[in-house]
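Hi,

Here is the structure I said I would pass on.

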Amino acid sequence: QVQFAESGGGLVQPGGSLRLSCAASRSIFSIKEMGWYRQAPGKEREWVADVTTGGSPYYADSVKGRFTISVDNAKNTGYLQMNSLKLEDTAVYYCKAEFKIDPYASTQNGWGQGTQVTVSS
């Protein structure tokens with residue numbers, strides 16, 4: 001079974017940057033779509049960004065112009081580059097991947113366990 005794990009979270013000051021990674025637990029054929037979500041304390045999980053392989057990325061209005069989503073299929077890893085971080089970006093960030101284990105397999109979905117991002121002065 002393929003699992004995904006986020007890394008790269010931490011504590012950063014307002015205006016700072018972090019890069020989150022979402023890596024597959026073993027080699028897979030391809031990540032077809034990668035999405036990032038976040039959940040702040042007391043709030044529902046919200047969509048942040050997503051991208052399909054070879055397609056254009058899409059971003060929530062709250063992060064547009066500050067965050068960049070990407071996928072490196074050679075590394076079976078997705079990324080979320082977060083710049084100009086704000087206090088309101090504080091949340092647990094989750095990745096969701098649609099992937100194929102091999103070219104003939106059905107597309108599967110996998111979620112990471114989450115990584116904490118705290119923006120504080």
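**What I found**

Of the 121 residues in the protein chain, 42% count as buried. Please keep in mind that this is a predicted model, so everything below is computed from its atoms.

Overall layout first. The C-alpha trace spans about 50 × 25 × 25 Å along its principal axes. How does the radius of gyration sit against that of a compact globule? For 121 residues the globule value would be near 14 Å, and the protein chain has 14 Å, so the two agree.

Taking the contacts between residues at least 6 apart in sequence, 57% join residues at least 24 apart.

**The disulfide**

Searching the whole structure turns up one disulfide. It joins C22 to C95, with an S to S distance of 2.0 Å. The pair links distant parts of the chain: C22 belongs to strand β3 (residues 18-24) and C95 to strand β9 (residues 91-100), 73 residues apart. The link of C22 and C95 is right-handed, with 60° about the S-S bond. Are these two cysteines buried or exposed? Both C22 and C95 are buried.

**Two positive phi values**

Most residues other than glycine have a negative phi. N76, however, has a phi near 55°, a positive value in a residue other than glycine. N76 is in the loop between β7 and β8 (77-82), and it counts as buried because its relative accessibility is 9%, below the 20% cut-off.

The other one is S84, where phi is near 50°, again positive in a residue other than glycine. S84 lies in the loop between β8 and β9. With a relative accessibility of 40%, S84 counts as partly exposed, since that value falls between the 20% and 50% limits.

T68 is in strand β7 (residues 67-72) and is partly exposed, with a relative accessible area of 41%. Which residues does T68 touch, leaving out those up to four places away in sequence? They are Y59, Y79, L80 and Q81. The C-alpha atoms of T68 and E88 are separated by 17 Å, with the two residues 20 apart along the chain.

S120 lies in the segment after β11 (115-119). At 34% relative accessibility, S120 counts as partly exposed. Leaving out residues up to four places away in sequence, S120 touches L11, V12, Q13, P14 and L87. How far is S120 from L85 in space? The C-alpha to C-alpha distance between S120 and L85 is 9.5 Å, while in sequence they are 35 residues apart.

Cheers

Notes:
Residues numbered from 1 in each chain as written. Predicted model: local features only at pLDDT ≥ 70, side-chain atom pairs only at ≥ 80, totals over all residues. Heavy atoms only, no water. Disulfide = S-S within 2.5 Å. Helix = DSSP H or I, 4+ residues; strand = E, 2+ residues; numbered from the N terminus. Buried < 20%, exposed > 50% of the residue type's maximum accessible area, 1.4 Å probe, protein only. Rg over C-alpha atoms; globule rule 2.2 N^0.38 Å. Contact = heavy atoms within 4.5 Å.
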